[in-house]
Amino acid sequence: MVKAGRSFPSKIVVDCTSPLATAVGGRAWQVVRPWHGSAVEQAKALVPKANFVAAFHTVSGEQLQALERPMESDVFVCGKDPAAKVVVGGKRSALGGRFY
């Protein structure tokens with residue numbers, strides 16, 4: 001991400017990660033708290049010129065991959081750039097449901 005960062009100015013990067021720890025060979029069982037406070041804040045520290053928006057954290061990976069089906073959940077959209085949040089929220093609205 002750091003090497004690619006030069007191509008990110010004015011781009012919107014959507015972060016939907018939930019940092020979780022796993023036991024060896026097991027399922028996720030504990031939230032990991034990144035040094036910067038959240039995964040999107042940590043990514044922003046690496047690529048400060050990009051417009052980061054955090055969204056889709058409450059949607060399963062399976063549902064995110066099934067773009068042909070309407071999404072039946074609401075999504076919280078967080079970020080500092082109001083225009084970037086509107087763009088991401090618009091993508092969410094196109095999939096069905098609401099964004100906040």
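Which element gives the most to the lining of the largest pocket? The answer is strand β4, with four residues.

Colleagues, the structure before you is a predicted model, in which local features need pLDDT of at least 70, side-chain atom pairs count only at pLDDT 80 or more, and totals for chains, interfaces and linings use all residues. Residues are numbered from 1 along each chain as its sequence is written, and side-chain values use heavy atoms, with hydrogens and water left out.

Confidence comes first. The score pLDDT is the predictor's confidence in each residue, from 0 to 100. Its mean over the protein chain is 76, and 79% of the residues reach 70 or more. Strand β3, residues 28–31, has the lowest confidence, at a mean of 72, whereas strand β4, residues 51–54, has the highest, at 89.

Next, the overall architecture. The protein chain holds three helices and five strands, where helices (H or I, at least four residues) and strands (E, at least two) are DSSP runs numbered from the N terminus. Read from the N terminus, the order of elements is β-β-β-α-β-α-β-α. Of the 100 residues in the chain, 25% are buried; buried means under 20% relative accessible area, exposed over 50%, and partly exposed in between, with a 1.4 Å probe and protein chains only. The accessible surface is about 7200 Å², and carbon and sulfur atoms account for 60% of that surface. These areas come from the Shrake-Rupley method with a 1.4 Å probe, and for residues only the protein chains shown count as cover. A contact means heavy atoms within 4.5 Å. Among contacts between residues at least 6 apart in sequence, 48% join residues at least 24 apart.

I now return to the pockets. A pocket is defined on a 1 Å grid over the protein atoms alone, as an open set of points where a 1.4 Å probe fits, with protein on both sides within 12 Å along at least five of seven lines; lining residues have an atom within 4 Å of a point. Grid points are joined across faces, edges and corners, and a volume is the space filled by probe spheres set on the points.

The largest pocket has a volume of about 260 Å³. Helix α1 (39–46), strand β4 and strand β5 (78–79) each supply at least two residues of its lining. Among the lining residues are Val40, Glu41, Lys44, Phe52, Cys78 and Asp81. By class, this lining has six nonpolar, two polar and four charged residues. In this scheme Ala, Val, Leu, Ile, Met, Phe, Trp, Tyr, Cys and Pro count as nonpolar, Asp, Glu, Lys and Arg as charged, and the others, Gly among them, as polar.

The second largest pocket contains about 170 Å³ of space. Of the 14 residues that line this pocket, Pro19, Pro34, Gly37, Ser38 and Ala39 are the closest to its centre. Its lining divides into seven nonpolar, five polar and two charged residues.

Let us turn to the loop between β4 and α2 (61–65), where Phe56 is found. Phi of Phe56 is near 70°, a positive value in a residue other than glycine. Phe56 counts as buried because its relative accessibility is 10%. Ala55 lies in that loop between β4 and α2 as well, and is buried, with a relative accessible area of 0%.

What does Ala55 contact, leaving aside its neighbours within four places in sequence? Its partners are Val14, Asp15, Cys16, Val75, Phe76, Val77 and Val88.

In the loop between α2 and β5 we find Asp74. At 30% relative accessibility, Asp74 counts as partly exposed, and its C-alpha atom is 8.6 Å from that of Phe56, 18 residues away along the chain. Is Glu72, by contrast, buried or exposed? Glu72, placed in the loop between α2 and β5, counts as exposed because its relative accessibility is 74%.

Finally, Thr22 lies in strand β2, residues 20–22. Not counting residues up to four places away in sequence, Thr22 touches Arg27, Ala28 and Trp29. Thr22 and Val32, ten residues apart in sequence, are 9.8 Å apart from C-alpha to C-alpha.
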